[in-house]
Amino acid sequence: MRMNHKRLWAALAAGLAVQFAAPVAAQQDAGIVGQNGWLYYRYDFTDASEQPSVTKSIDLFSALSELLAANGTRMMLAVVPAKVRIYPENLPADRALTPFLVEHYGKSLQALQQGGVDVVDLQTPFLEQARAGNGDPLFMRLDSHWSQTGSLLAAERIAQHANGKDGTQAALDALPSRAYTLEWNPTPQTLALGDLTSILPAGTPAFEPEQVRVFGVTAPAGGDLLAEDATPGIALMGSSFSGTWTGFPDALRFALQRDVADLSVAADRGHWVGLELYLRDDGFQTQPPKLLVVEIPERGLAAPPSYPYREARYIVDERTWLRRAAAWITRDCTPAGTVGTGETGGSWSLEPQGDAYLSATLAVTGPNQISIAWRDTAGAITTQTLEVRGDGTWQAFRMPLPEGASIEALTVGSEGAAALQLEDIALCRMPTLPALSP
């Protein structure tokens with residue numbers, strides 16, 4: 001089966017969230033009016049109270065990187081530095097960088113490196129170019145995102161980091177190169193008002209749209225940047241900074257001279273939901289990438305899976321998230337028990353041995369959710385829901401069994417489904433996972 005980008009894109013666009021989101025109620029007045037026509041985002045001002053949450057994210061990235069590497073995918077993490085640190089000279093007089101914020105990026109990268117994460121330092125080249133004062137700004141004045149100048153600099157730094165890096169270089173060498181070309185539009189483009197203009201304090205004077213330079217990237221002859229059935233060996237899983245409109249996906253294609261599957265949209269679920277959704281997708285399950293580039297804004301490190309300011313259905317503790325990710329990433333099923341016969345909508349008897357996850361393929365026609373009920377030996381029943389495609393096509397299904405529970409039966413169903421089929425049911429051993437910070 002080949003990766004179908006259009007189907008994946010539709011699934012992501014339906015509600016995937018990959019950018020750190022502040023509480024909805026707190027978004028009011030989240031924009032800060034700086035000097036010289038610059039605006040900033042209040043939630044870029046990370047403080048020490050968020051460090052425990054940052055540590056949780058770092059632990060998860062470390063575990064995720066190890067799991068992916070053990071299953072043939074190299075992960076590279078790119079953390080976008082906060083705009084307030086790159087251009088502090090335009091902050092309002094009553095706002096200043098704290099010592100914690102000054103050191104936060106560097107200390108986070110150091111912790112990620114110590115955890116074995118292949119992390120790219122984007123802050124150093126951004127600071128160097130901003131201090132030099134030559135060229136266009138790396139961030140837009142009226143928006144929280146980088147400009148296309150900034151996105152290209154980030155892509156070039158990622159490519160520089162990848163070349164010659166053990167493991168990453170090998171992943172690139174295994175992929176065909178393509179002669180992408182890049183050309184800047186000689187005429188600056190007028191953008192719609194940036195995202196920060198809509199969350200300014202009441203009474204703030206209106207701003208005129210800003211003009212920015214943009215580039216275009218051209219695929220080699222016979223190529224198609226949006227080819228539906230292409231299966232690139234590099235995937236970009238990012239936040240709204242990786243949206244097509246920022247130019248970053250194309251800049252990465254140009255800098256790496258390789259095709260890149262861009263799987264990034266912005267919504268309200270959270271970065272970790274986006275990563276899990278990608279791991280579940282047909283493309284990853286059938287042909288995982290050689291290299292997975294994960295982009296995350298610096299402020300996103302403070303929003304682990306248990307981040308409380310999301311819809312309740314998207315909040316999960318870090319251990320549960322990691323176990324689910326491990327089940328989706330693991331390529332080979334080491335048997336960990338037996339599954340008795342049963343019927344969809346009925347019950348299957350289970351005899352797990354040790355820590356295990358359930359593996360199967362399923363097809364659902366109708367709704368986009370199924371319910372999974374576990375019954376333990378004491379008769380207690382736990383019910384969970386899983387979002388699925390309802391188009392009748394076969395898709396992978398992975399579900400960790402609860403740790404330490406004596407599970408004896410499984411029921412899978414979907415209210416209103418015209419058809420629900422389940423095949424290739426197996427119990428597989430969960431890989432050994434590291435301990436996480438409390």
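Trainee: Let's start with the largest pocket: how do the residues of its lining divide into nonpolar, polar and charged?

Mentor: Keep in mind that this is a predicted model. The lining of the largest pocket splits into 12 nonpolar, 4 polar and 8 charged residues.

Trainee: How much space lies in that pocket?

Mentor: About 530 Å³. There are 24 lining residues, and those closest to the centre are Glu276, Arg280, Arg313, Arg324 and Thr385.

Trainee: Which elements give two or more residues to the lining?

Mentor: Look for helix H9 (271-280), helix H11 (318-329), strand E16 (381-387) and strand E17 (395-400). H9 supplies the largest share, 5 residues.

Trainee: Glutamate 276 and arginine 324 have come up already. What do their side chains meet in?

Mentor: General idea first: side chains of opposite charge can pair when their charged atoms come close. Here, glutamate 276 and arginine 324 form a salt bridge, with 3.1 Å from N to O. Glutamate 276 sits in helix H9 and arginine 324 in helix H11, so this pair ties together parts that are 48 residues apart in sequence.

Trainee: And how many salt bridges does a search of the whole structure find?

Mentor: The search turns up 17.

Trainee: On to sheets. In what order do the strands of the open sheet with E14 run?

Mentor: As background, strands of a sheet pair through backbone hydrogen bonds, either parallel or antiparallel. In this case 3 strands make an open sheet, ordered E17-E14-E19, with antiparallel pairing. E17 and strand E19 (419-429) are the edges; each has a single partner strand, so one side of each has no neighbour in the sheet. From one strand to the next, the twist averages 25°.

Trainee: Which helix packs on that sheet?

Mentor: H11 does, touching E14 and E17, and its direction makes about 140° with that of E17.

Trainee: How many bridges join E14 to E19?

Mentor: Strand E14 (residues 356-365) is joined to E19 by 9 bridges, and the two run antiparallel.

Trainee: What about E13: which strands is E13 joined to?

Mentor: One is strand E12 (residues 337-339), antiparallel to strand E13 (residues 347-352) and joined to E13 by 3 bridges. There, valine 339 is opposite leucine 350 in E13. Another is strand E18 (residues 407-413), also antiparallel to E13 and joined by 3 bridges. For that pairing, check tryptophan 348, whose bridge partner in E18 is leucine 410.

Technical notes
Residues are numbered from 1 along each chain as its sequence is written. This is a predicted model: local features need pLDDT of at least 70, side-chain atom pairs count only at pLDDT 80 or more; totals for chains, interfaces and linings use all residues. Side-chain values use heavy atoms; hydrogens and water are left out. On a 1 Å grid over the protein atoms alone, a cavity is a set of points where a 1.4 Å probe fits but cannot get out, and a pocket is an open set with protein on both sides within 12 Å along at least five of seven lines; lining residues have an atom within 4 Å of a point. Grid points are joined across faces, edges and corners, and a volume is the space filled by probe spheres set on the points. Helices (H or I, at least four residues) and strands (E, at least two) are DSSP runs, numbered from the N terminus. Ala, Val, Leu, Ile, Met, Phe, Trp, Tyr, Cys and Pro count as nonpolar, Asp, Glu, Lys and Arg as charged, and the others, Gly among them, as polar. Two strands pair if DSSP finds at least two bridges between them. Axes are lines fitted to C-alpha atoms, for helices over the stretch in contact, and angles run from 0 to 180 degrees between N-to-C directions. Contact means heavy atoms within 4.5 Å. A salt bridge is a side-chain nitrogen of Lys or Arg within 4 Å of a carboxyl oxygen of Asp or Glu.
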